[in-house]
Amino acid sequence: MSLQPLTAVNCGSLLQPGCSLLQLDGDIFLFGQKGWPRRSCPTGVFGVRLKHGELKLRPISFSNDSCYLPPLRCPAVTRLEPHDGHPEGYLIHGGRTPNNEISSSLYLLTLDSRGCNRKVTLRCQERELVGEQPGPRYGHTLSMVQSLGKRACVVFGGRSYMPAGERSTENWNSVVDCPPQVFIIDLEFGCCSAHTLPELTDGQSFHLALARDDYVYFLGGHTLSSDSRPPRVFCLRVELLQGSPLLSCEHLDTGLSISSAIATRVGPSHEYIILGGYQSETQKRMECSSVVLDDSGISIEPREAPQWTGEISHSHTWFGGSLGGGSALIGVPSEGRPAPPEAHYFYQVCFQKEGEGEAEDGNQGCSQESTDFEDSAPLEDSEELYFGREPHELEDSSEGEGDTYNEEDEEDETQTGYWVKCCLGCQVDPNTWEPYYSTELLRPAMIYCSKGEGGHWVHAQCMELTEGLLVRLSQGNGKYFCLDHGGLPRQEMTPPRQVLSLKRSPMKPQHRKGPMMPKMTPAKKRFFRRLFE
């Protein structure tokens, strides 16, 4: 057991509470960054690399047949083991976007290809669901169960907005616990079914779900209605019978009073280490627990905790995820006056047993983060470059990594004016903006107004421009005025610059193609003919 501090190399702001860590083919990936993805990483998924006490991120690309995956915070994530020729992957359900919109979509994330230069390409596909589908939610869990040669997904818990009929101006953004229903999703056909069990009377969120065969154990969690974290464990059994599944639930007395915890698997067996989380709204849970799932059920034993540093002990919040192989990543916000340059302090906690080595394989427990969300600017960098690199730079090299994310390369969006009120009647809201023109990708189209001191930028949508007119204005060389300064009729064309054409005299060829024949008169020709005869 060890606690090692990590230095985030120009990527500390990307890891935020609510993000998820995934393990595919021995690599670790970060999903759910703060803000919307930018040009350098339009997928919003980064490869995580830990070496020599440094934490680095590499942008990951998606295949051409992938769908768009928004940066979801606190989704339900579960590992999908290889089955019947299908590759390993991850299922991602629900979550909360940076615009505080709650999703109800189900995504399948798999490894598409890996180039000879270690460049990873992922594939993301959205699965269509039918039947009694789970509504939009976050802070819930998604688990895989196997029974009678079949497998299915179990969705439970979470929070969502109040029903539309109960929302008003005062409580528009208020959230409530979802009803305590269990949803079973058949991945082969996409069929969903909802089940109500008498043992599950209260909704709960930010709990842990550990699965083994046809059993799922729900540990801890927070109930919003009573503002409590009761020390309970629910044992759910799912039998995938022909026709409809059969569910049974049992309430166990021994449990953990915890929420937003991290579960990391230790070894090939179903043994997990539970760390992090909260005992109450203002108190973190500093203890660790060992959880073992076997044929007899579940056993929970206290586990020796690492020697926490002062930053971890005195921080009010912390977050993280499983790195696989009995290790976890923990982040705490940096505090102090003046504010430190690093946004967070990061640590790697390792519970690896002696003699097992640093294996990176293992399942990830479903852990959620109960935190507040704040809007943020999207991310934007340059593209990855892999051509012309030496073999030693492709793997196990910490110097000269041109594809590593660098915060210093980001542009300062506070000076661009993209998310400001451009005029009195501006209709663009950064929290609810949707693409208006087909040419808009990441932010609203803007046009420069030449009126006023130094000019200013205005949204093309607020000027009521058609897309064709917007394209013509962007290709011209005129001065444009917004509606407050006269509008489009007051355009003044800038006279084009006169370019003098250069007269080029043809150059004399140095060598002629044919032999040179001197010009001779008929008399000279007769003279030379008689001379040689």
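A salt bridge is a side-chain nitrogen of Lys or Arg within 4 Å of a carboxyl oxygen of Asp or Glu. The model is predicted, so local features need pLDDT of at least 70 and side-chain atom pairs count only at pLDDT 80 or more, while totals for chains, interfaces and linings use all residues. Residues are numbered from 1 along each chain as its sequence is written, and side-chain values use heavy atoms, with hydrogens and water left out.

**Exercise 1. Salt bridges**

Task: Find how many salt bridges the model has, and describe the one between Asp-112 and Arg-123.

Solution. 

Step 1. Side chains of opposite charge can pair when their charged atoms come close. With the cut-off above, the count is twelve salt bridges.

Step 2. Asp-112 and Arg-123 form a salt bridge with an N to O distance of 2.3 Å.

Step 3. Asp-112 belongs to strand E9 (residues 106-114) and Arg-123 to strand E10 (residues 120-127), so the pair ties together parts that are eleven residues apart in sequence. Strands (E, at least two residues) and helices (H or I, at least four) are DSSP runs, numbered from the N terminus.

Step 4. For accessibility, buried means under 20% relative accessible area, exposed over 50%, and partly exposed in between, with a 1.4 Å probe and protein chains only. Asp-112 is partly exposed at 28%, and Arg-123 is partly exposed at 22%.

**Exercise 2. Arg-79 and its partners**

Task: Which side chains form salt bridges with Arg-79, and is Arg-79 buried or exposed?

Solution. 

Step 1. One partner is Glu-81, at 3.1 Å from N to O.

Step 2. Another partner is Glu-88, where the closest N and O atoms are 2.3 Å apart.

Step 3. Arg-79 has a relative accessibility of 15% and counts as buried. Glu-88 is buried as well, whereas Glu-81 is partly exposed, with a relative accessible area of 31%.

Step 4. Elsewhere, a network of salt bridges links Asp-25, Asp-27 and Arg-114.

**Exercise 3. Aromatic rings**

Task: Find how many aromatic pairs there are, and classify the pair of Phe-319 and Phe-346.

Solution. 

Step 1. Rings of Phe, Tyr and Trp (its six-membered ring) pair if their centres lie within 6.5 Å; planes under 30 degrees apart count as stacked, over 60 as edge-to-face and the rest as tilted. This gives six aromatic pairs.

Step 2. The ring centres of Phe-319 and Phe-346 are 6.5 Å apart and the planes stand at 90°, so this pair is edge-to-face.

Step 3. Phe-319 lies in strand E28 (residues 319-324) and Phe-346 in strand E30 (residues 344-350), and the pair links distant parts of the chain, 27 residues apart. Both Phe-319 and Phe-346 are buried.

Step 4. Phe-527 and Phe-528 also form an edge-to-face pair, with 5.6 Å between centres and 75° between planes. Phe-527 is partly exposed at 47%, and Phe-528 is partly exposed at 39%.

**Exercise 4. A four-stranded sheet**

Task: Give the strand order of the open sheet that contains E22 and E27, and state which strands stand at its edges.

Solution. 

Step 1. Two strands pair if DSSP finds at least two bridges between them. The open sheet has four strands in the order E22-E23-E26-E27, with antiparallel pairing.

Step 2. Strand E22 (262-265) and strand E27 (297-303) are at the edges with a single partner strand each, so one side of each has no neighbour in the sheet.

Step 3. E22 pairs with strand E23 (residues 271-275) over four bridges in the antiparallel sense. Here Ile-262 has Leu-275 in E23 as its bridge partner.

Step 4. Strand E26 (residues 288-294) is joined to E27 by seven bridges, and the two run antiparallel. Leu-293 stands opposite Ile-298 in E27. E26 and E27 form a hairpin, with two residues between them.
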